[in-house]
Amino acid sequence: MESEHSSAPELSMEGIPQPILALGKRLADTKFQIDVLGKNGWADLTANLHGLEASGEWSGPDDALTFFSKIVPFASLPAQTEPLGIFQVPVERVISRSGQWWPEHLSASSEARLVEHLQSPSAAESTSYYFIPALGVLLAAQGQSRVNYCRYRHIPLLTARVTLLTYPPADRFRLYHVSQGETRQSWVVLNDRYLQPVLWPRITLPALTTYGVHAGSWPLTFPPVSRVFDALHDPSAEQDFLLRSIDLHAVEQTMRSEQEAAREARLPVKMALSDMDISNIWPIGLTLTFFFLLSMVIAGLTAGTGWAGHISLLTCGMTGSLLLFMALPVFLANRQLRRSVTFVEAKTLGEEKEQ
């Protein structure tokens, strides 16, 4: 029942270090064991690594790309490239979705047809596997369930169409362990710019260590840890990564924009007394206006003669000067005060309209 009889060549693992080969096998074994737990009704033990939604709804096993992106930081989207060809691939190194073709679900006749197909020249049809030499592992995008069957029946090789998928070298990553209050997280930064949190430390951290990723202290040239924690609530969708990430350069740009806005808010601007947030400015203004108009009327009736005319002219000049003083922008205030006053005025107008 082995597929070695196929005419396709065996996928070469030459040049891949032994620790990396062991890592790739361990990752594939972990996915298979998680799917077995899910099949037996214990998917809650592995939480979202098996595809169990946060709401508790069952969605079946994760596909290979989804699982891989959860445990390997900066898993990249498959490129639109031509396949390397058709190869016999080692089953023990394939991460797949074990959702169908469990041996106990196959009748004798259906299993015989499946074995015949796996050994036929057309065995690679409807298959698409991504080979990641840097990690010694393959991801089954199409033709996933047959991997599960071959594992159960101890079939070491199966025929599939293989495409190369690259992964950044270890020296482009840096691992950081950070804390904020009682929260402790591990972050992986790529090229000193893009950041992804480690979702499953018990699986990911040993894998990163084997791969050669080194840990370090959070650099002072990076944004503060608190700002990155805030940015994690709204990560950006980078086109090259399966999962969202944080662009540290974008966080720095946001901080610079905020600092510039705060600096501009402190710059002095000219304001009139009537623009300031003085609670009794309008009653004073209305009172001055009343006496100004009254004095003008009296001055007009008396033609400015007599003691009444003199007093009215004096009152008119004083109140007019005060009104002009209130209206002219002769005071210096910062921009923030100006904006706050404008906001209060707009809010007051809005409340008056609602009433």
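The legends below describe close-up views of a predicted model.

**Figure 1. Overview of the protein.** The predicted model holds ten helices and twelve strands. Of the 355 residues in the protein, 41% are buried. Among contacts between residues at least 6 apart in sequence, 74% join residues at least 24 apart.

Figure 2. The largest nonpolar core has 56 residues. Those with the most contacts inside this core are Phe68, Val89, Ile95, Tyr129, Leu135, Leu138 and Leu139. Helix H1, residues 18–39, gives the most to the core, with six residues. In soluble globular proteins, nonpolar side chains tend to be buried together.

**Figure 3. Surroundings of Phe68.** Phe68 is one of the residues with the most contacts inside the largest nonpolar core, and Phe68 is also one of the buried residues of helix H2. Residues up to four places away in sequence are not counted here; beyond them, Phe68 touches Ala75, Ile95, Ile132, Leu135, Val137 and Leu139. Of these partners, Ile95, Leu135 and Leu139 are also named among the residues with the most contacts in the core.

**Figure 4. Helix H2 and what covers it.** Helix H2 spans residues 64–71, and seven of its eight residues are buried, so the helix is largely enclosed by the rest of the structure. The buried residues are Ala64, Leu65, Phe67, Phe68, Ser69, Lys70 and Ile71. Their cover includes helix H1, strand S2 (94–95), strand S3 (128–132), strand S4 (137–142) and helix H5 (201–211). At the start of H2, a side-chain oxygen of Asp63 reaches to within 3.1 Å of the backbone nitrogen of Leu65.

**Figure 5. Packing of helices H3 and H4.** Two packed helices are described by the angle between their axes and the distance between the axes. For H3 (residues 108–118) and H4 (residues 145–152), the angle is about 105° and the axes are 12 Å apart. The two helices are therefore roughly perpendicular to each other. H3 makes the contact through Glu111, Leu114, Val115, His117 and Leu118, and H4 through Arg146, Tyr149 and Cys150. By class, five of the contact residues are nonpolar, one is polar and two are charged.

**Figure 6. Crossing of helices H1 and H4.** The axes of H1 and H4 cross at roughly 90° and come within 12 Å. That makes H1 roughly perpendicular to H4. On H1, Ala28, Asp29, Phe32 and Val36 meet Asn148, Arg151 and Tyr152 of H4. This contact has four nonpolar, one polar and two charged residues.

**Figure 7. Pro103 in a loop.** Pro103 lies in the loop between S2 and H3. Its relative accessibility is 7%, under the 20% limit, so Pro103 counts as buried. Pro103 and Cys150 are 47 residues apart in sequence, and their C-alpha atoms are 9.5 Å apart in space. Not counting residues up to four places away in sequence, Pro103 touches Tyr149, Tyr152 and Arg153.

**Figure 8. Val251 in helix H7.** Val251 is found in helix H7, residues 248–266. Val251 is buried, with a relative accessible area of 9%. Leaving aside neighbours within four places in sequence, Val251 is in contact with Pro223, Arg227, Ala231 and Ile246. Val251 and Pro224 are 27 residues apart in sequence and 9.6 Å apart in space, C-alpha to C-alpha.

Terms used
Residues numbered from 1 in each chain as written. Predicted model: local features only at pLDDT ≥ 70, side-chain atom pairs only at ≥ 80, totals over all residues. Heavy atoms only, no water. Core = buried A, V, L, I, M, F, W, Y, C linked by side-chain atoms within 4.5 Å. Buried < 20%, exposed > 50% of the residue type's maximum accessible area, 1.4 Å probe, protein only. Helix = DSSP H or I, 4+ residues; strand = E, 2+ residues; numbered from the N terminus. Contact = heavy atoms within 4.5 Å. Polar contact = N/O pair within 3.5 Å; in protein donor to acceptor, adjacent residues only side chain to side chain. Axes fitted to C-alpha atoms, helices over the stretch in contact; angles between N-to-C directions. Parallel < 35°, antiparallel > 145°, perpendicular 65-115°, else oblique. Nonpolar A, V, L, I, M, F, W, Y, C, P; charged D, E, K, R; others polar.
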